[in-house]
Amino acid sequence: LVVLGIETSCDDTAAAVVNSNGEILSQVISSQAELLARYGGVAPKMAEEAHALVIDQVVQEALDKANLTGKDLTAVAVTIGPGLSLCLRIGVQKARSVASSHNLPLVGVHHMEAHTLVARLVERELQFPFMALLVSGGHNLLILARDLGDYIQLGTTIDDAIGEAYDKTAKWLGLDLRRSGGPAVEELAQEGDAKSVKFKVPMKQHKDCNFSYAGLKTQVRLAIEAKRINAGISLASASDEERQARADIAASFQRVAVLHLEEKCERAIKWGLNIEPSINHLVVSGGVASNKYVRARLDEVVKRKGLKLVCPPPSLCTDNGVMVAWTGLEHFRLGRFDPPPPANEPEDAVLDLRPRWPLGEEYAEGKSEAR
Ligand code: ATP
Ligand code: FE
């Protein structure tokens, strides 16, 4: 089986081809990071236009690099949600046009399921059931993956995701945003003293598996104001003293942000093992999982609990086409796909887009246990 995967749910336009041996035949990403840095965030209309501009080229390049044409494909997979509907539409329309011109079946993919399942391409011995922590710009989820398409949500964020907190911290610290904020904070944190600024770990008193990062964001903003850091001055032009102050905040933020992950993961693993005692792995994926400090700290938690950590390489943790192609392939193998779309589908056809789409049921017992 050979599957093309297309991803346009947020600010990256990505496509890739994978086969059923888990080989990545090609991988192409066009990032809007520079555009976003210039405008200070994702504006849906602008992101849509950027996707529309490059989608044909990105898909063509993915096929060319794999040395394939549409005729060689078994199926086309595409992210249908969650995400910005204007952006999702661009990917879905492209996927439908490729599928219709080569009479290929289509698989609609859940973006967060794709972040999770790419771990099974990386680690071939990863069997269900397993635990997953998904940490990215828009999501902070603790998931028990019981089977393909069968997920229980043990925890989620009640406000912001950790990636959002990294991005804002980077912005307020005046870091270079031409790439995303997370890597910039991670890098600067290496120069800082992680114990120098006292931030409070969120939700200490909540005995559940949920997250909150809005309060930590506010703590960081206040610390930055207190130290009179001027984000208008770039890090490169800052004095040594000011650079150190920024690094201390970055390191202190990162320590507490990740402590919050550690505490909740520990509890979630306990809950997970109660439901499915045969769990052996914790998958950590999503953009923030490319952070080395995050990986190292969670590895400790997982070892303490007698499990193994599976963390995809950074290029497969942040948004990419491989995860979509692979997840499509996993569903296709079980006969879960849609027939080829009709030829000459009108441009205004109603498409199955799912901008808000939970991954699995919320764990009901968790609520009573948490009390
Ligand atoms: P979602 O998956 O929730 O829809 P998304 O698709 O925008 O969000 P991803 O590409 O999965 O996001 O992740 C991007 C996020 O990961 C950004 O918030 C970015 O700052 C963060 N990130 C990327 N690399 C790192 C890193 N090294 N350290 C911390 N955060 C990082
Ligand atoms: Fe993502």
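**Exercise 1.** Work out which residues of H4 meet which residues of H11, and how the two helices are oriented.

*Solution.* Start with the contacts, where two residues count as touching if their C-beta atoms, placed from the backbone, lie within 7 Å: Glu113, Ala114, His115, Leu117, Val118 and Leu121 in H4 meet Val322, Met323, Val324, Trp326, Thr327 and Glu330 in H11. Sorted by class, this contact has eight nonpolar, two polar and two charged residues (nonpolar being Ala, Val, Leu, Ile, Met, Phe, Trp, Tyr, Cys and Pro, charged being Asp, Glu, Lys and Arg, and polar the others, Gly among them). Next take the axes, which are lines fitted to C-alpha atoms over the stretch in contact, with angles from 0 to 180 degrees between N-to-C directions: those of H4 (residues 111-122) and H11 (residues 321-333) come within 8 Å and cross at roughly 80°. H4 and H11 are therefore roughly perpendicular (65 to 115 degrees; under 35 is roughly parallel, over 145 roughly antiparallel, and the rest oblique).

The model is predicted, so local features need pLDDT of at least 70 and side-chain atom pairs count only at pLDDT 80 or more, whereas totals for chains, interfaces and linings use all residues. Residues are numbered from 1 along each chain as its sequence is written, while chains are lettered from A and ligands numbered from 1 in the order in which they are written.

**Exercise 2.** Determine how H5 is oriented relative to H8, and which residues meet.

*Solution.* The axes of H5 (residues 162-172) and H8 (residues 240-275) come within 11 Å and cross at roughly 175°. That makes H5 roughly antiparallel to H8. At the contact, Ile162, Ala165 and Thr169 in H5 meet Ala250, Phe253, Ala257 and Leu261 in H8, and these residues divide into six nonpolar, one polar and no charged.

**Exercise 3.** Decide whether Asn320 is buried or exposed, and name the residues that it touches.

*Solution.* Asn320 lies in the loop between helix H10 (314-317) and H11. Leaving aside residues up to four places away in sequence, Asn320 touches Glu7, Ala14, Ala16, Gln27, Ile29 and Ser315.

**Exercise 4.** State what share of the protein chain is buried, and how many helices and strands the chain has.

*Solution.* Of the 371 residues, 51% count as buried. The chain has twelve helices and eleven strands, taken as DSSP runs numbered from the N terminus (H or I, at least four residues, for helices; E, at least two, for strands).

Conventions. Buried ≥ 20, exposed ≤ 12 C-beta atoms within 10 Å, placed from the backbone.
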